[in-house]
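Please have your viewer open as you read.

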Amino acid sequence: MRRAVVVVLDGMRRDLIDVPTTPALVRFARGAMSFAAHRSMFPSATRVVSASFATGCHPARHELQGNTLALLENGRLVYHDAGHPDFLQHKRRATGRSLAVPTLAERLAPHGGMIMFSNVSPGAAFAHDPDGHGYIYHRAGSFAPGRKRIEGVQALDIAQDAAGERRMTERFVSEVLVDRRPPLAIIWMGEPDATQHLRPLGSPEHLAVLRQADTNAARVVEAVGRLRDKGDEVLLIVCSDHGHQTVSRIVDVEAELMAAGLKESRESGDVVTPTSGTSTLVYVHPDHAARIDAIGAFLASRDWIDKVVPPAELATVGQAPHHGLAFAVSLKSDDAPNPFGVRGHSYESKPVAGKATHLHCGQHGGLAKYEQMPFLMIDGESFTAGSVSHTPTSPIDLAPTILAHLQLPAEGMDGRRLQLP
Ligand SMILES: [Zn+2]
């Protein structure tokens, strides 16, 4: 049987994969092809990467534009948190569609389907299958095809901690890989991302969670070895969705625009600035489009910004001017080491009231070097064991690669298959 298995270690930086902390990944790389120029999406944020992975398309096409974002609803710009379990259900009701292009779950439904276990935000998990074509298991709710809720012991009732990640991994191996055997099985771990947001990168607590993530990945890798021994032709992808930077300053982008007279108030719908960690999207209501030039000039003159992508250039970062999106902003970064010797700082955008910031700890979302340094290793047919590819790749290439292994068409995707010709 031809099958694909994907392991995602959320937030794992490529440059932190090393023998002392991640021996299993180093060992796995010797038998896999590694992608040394692999990048994240923009924003480099889990919900955006999830939708891009699921569809093989940029945010310009799938329309999940940021971890938080705005939608034009009944003539008003409305802020949304895409991590909310109901976000894509709401988007379907408000705009007529959840994601704007088909997911892997939908494409695989007539061919044996997909099963996913996830321990990240509910919105990121459900972005893999908002319309209910496959199986998604998450602590906020587990769903069978038709979005039928899975109840009781069959649901995935785990915590976002070490014990929860381990239980999820063991159940994924025994139930999904060995017993149920879908053509596509995905496990998306919440670590090391969750701990990186709360502890300094390189600290003892952080290194401990890298080891834990490495051990869980090894459990799946070993299980895939046993499936191959029994004759399955498995494509095994082990990767992360983005890296992290150390936060060196918090910037209140909304307050800056208000102080410059470019946004009326916190609550006003003229300009809305949803954040994705170290980046911000700036939406301008069509009634206030005359303000776009002034906002662009203001942003371009700020010392807390690395890059401002103007409306005409949104496609260069995979975005489009949907719902009044005018600017994509990646905040200031540097390459200096933190107190534990881990390189790369960024400024973090202050999120809406009640949401945490992460000064001196890890964050991501922008275009800086290390948040754009996820890892990707692929072991399977048409990948050379122990080799390193320098071809630029990103999460949109995973769906076409999986479909190619399953000998299914992948038309309509922005990404491309990574198998050697
Ligand atoms: Zn993530």
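Two strands are said to pair if DSSP finds at least two bridges between them. Helices (H or I, at least four residues) and strands (E, at least two) are DSSP runs, numbered from the N terminus. The model is a predicted one, so local features need pLDDT of at least 70 and side-chain atom pairs count only at pLDDT 80 or more, while totals for chains, interfaces and linings use all residues. Residues are numbered from 1 along each chain as its sequence is written, and side-chain values use heavy atoms, with hydrogens and water left out.

**A hairpin and an open sheet**

Let us begin with strand β3 (residues 68-73), which runs antiparallel to strand β4 (residues 76-81) and is joined to β4 by six bridges. One of these pairs Glu73 with Arg76 in β4. The hairpin of β3 and β4 has two residues between the strands, and Asn74 takes a positive phi near 50° there. Five of the six residues of β3 are buried, leaving this strand mostly covered; buried means under 20% relative accessible area, exposed over 50%, and partly exposed in between (1.4 Å probe, protein chains only).

Elsewhere, four strands make up an open sheet with mixed pairing, in the order β17-β18-β11-β19. The edges are held by β17 (333-337) and β19 (362-363), each with a single partner strand, so one side of each has no neighbour in the sheet. Strand β11 (residues 245-251) and β19 run antiparallel and are joined by two bridges. Thr246 has Gly362 in β19 as its bridge partner.

Two packed helices are described by the angle between their axes and the distance between the axes. Here the axes are lines fitted to C-alpha atoms, for helices over the stretch in contact, and angles run from 0 to 180 degrees between N-to-C directions. Angles under 35 degrees count as roughly parallel, over 145 as roughly antiparallel, 65 to 115 as roughly perpendicular and the rest as oblique.

| Helix pair | Axes | Angle |
|---|---|---|
| α7 (residues 162-180) and α9 (residues 204-229) | within 10 Å | roughly 5° |
| α1 (residues 23-30) and α9 | 8 Å apart | about 40° |

By contrast, α7 and α9 are roughly parallel to each other. Among the α7 residues that meet α9 are Glu165, Arg166, Thr169 and Phe172, and the α9 residues in this contact include Asn216, Arg219 and Val220.

What does Thr169 touch? Not counting residues up to four places away in sequence, Thr169 touches Ile187, Met189, Asn216, Arg219 and Val220. Thr169 lies in helix α7 and is buried, with a relative accessible area of 0%.

**The cysteines**

A disulfide is a covalent bond between the sulfur atoms of two cysteines. Counted here as a pair of cysteine sulfur atoms within 2.5 Å, the number of disulfides comes to zero. Cys57 is in no disulfide, and the nearest cysteine sulfur, that of Cys239, is 17 Å away. Seen from Cys239, the closest cysteine sulfur is the one in Cys57, and 17 Å is too far for a bond. Cys57 counts as buried at 1% relative accessibility, and Cys239 counts as buried at 2%.

Notes. Contact means heavy atoms within 4.5 Å.
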